[in-house]
Amino acid sequence: MKHSFRPVVCAAFAALMALVIAWADPAAQIAPAAGSRAPRNPEEFDTMFKANTNWGRWGKDDQRGASNLVTDAKRKHATSLVKTGIAVSLAHNPLTEKSDDNPSPFQHTMNRGFSTDTYQVSYHGYAHSHIDALCHFSYKGQTYNGFPKSEVNTEKGCMKLGIDVLKNGIVTRGILIDMARLKGVPYLEPSTPIYTEDLEAWEKKAGVKVSAGDAIFLRTGRWARRAKLGPWALQKGAPGFHSSTVPWMKQRDVAFVGSDAVQDVLPSNIEGLANPVHTLLIVGLGVHIFDNQDLEAVAETAAKLNRWEFMLSAAPVPVTGGTGFPINVLAIF
């Protein structure tokens, strides 16, 4: 009897040590499955959508959405972040080879005489660095601000919410959220979800706090993984924001959101909704999205300078009624 508690004590000690090791080693920590917290189904998603919109906030006819949060004062503050003058592009060079993540390669054709050329690209998807206009997504027959999709999206282009609403360009504070660095890995594995607690842990580590009018960029290490292991079908598995983070983005009044993949953790685990983060941001909050940004160089520069905020500059070509445009975003430190 005097030794009857020894196995219990040993088992308890082993369990405690396992927890300590997991806490100390980020790679050993297993994040909850993306389907383990709300929204887990269409009903919960609908509730979240209705609770997180900016419809009517800037008037019933507004087409600019969250870009209204970038005020003159915000732009002026952004310019004050330029300390060294170092400029880093966030664009990945156009991919011209067909691959699992690039079914529609960028086409570059030299014309007669070789002094002019023609470009052709279908830029939405998982390969090309681009920005989404607010007419790119809809939910239950409506686009941002409640405009009927049937009246917005036409064969002649978007009658409202086209990329041309950003004709004057974007200048604001950009913040890099280097989630791979936070987790202590070179890149996140496909289908790794990012939660609100991860975003706040990064704020604490980086010494920055997301505020109104900011543009946030999530680095998952997608391009680092691709360089090492080759392309893969992101629609079947991509690291990204879990949709439960969007209320936090609304609370912080984020103006623009970008990532090196497509924002959403994929698969979304919500039946019938392939891109719930896209839907919540574009349709609900009126947030323009930067997809497939190459954040490797800016992450290296930020780490060297130990500065995770910068002046962001971007200017999509104002195609009238366009659903977006390929884009070269600049981070200036």
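From strand β9, the side chains of A215, F217 and R219 point one way and those of I216 and L218 the other way, and all are buried, where buried means under 20% relative accessible area, exposed over 50% and partly exposed in between, with a 1.4 Å probe and protein chains only. In a regular strand, side chains alternate between the two faces of the sheet. Because 5 of the 5 residues of β9 (residues 215–219) are buried, this strand is largely enclosed by the rest of the structure. Strands here are DSSP runs of E with at least two residues, and helices are runs of H or I with at least four, numbered from the N terminus.

This is a predicted model, so local features need pLDDT of at least 70 and side-chain atom pairs count only at pLDDT 80 or more, while totals for chains, interfaces and linings use all residues. Residues are numbered from 1 along each chain as its sequence is written, and side-chain values use heavy atoms, leaving out hydrogens and water.

Which strands pair with β9? Strand β7 (residues 170–178) runs parallel to β9, joined by 5 bridges, and β11 (residues 256–259) is also parallel to β9, over 4 bridges; pairing requires that DSSP finds at least two bridges between two strands. I216 of β9 is the bridge partner of I175, and I216 also has V257 in β11 as a bridge partner.

Now move to S244, in the loop between β10 (240–241) and α8 (246–252). S244 is buried, with a relative accessible area of 15%. Leaving aside neighbours within four places in sequence, S244 is in contact (heavy atoms within 4.5 Å) with R37, A38, P39, M48, Y195 and T196.
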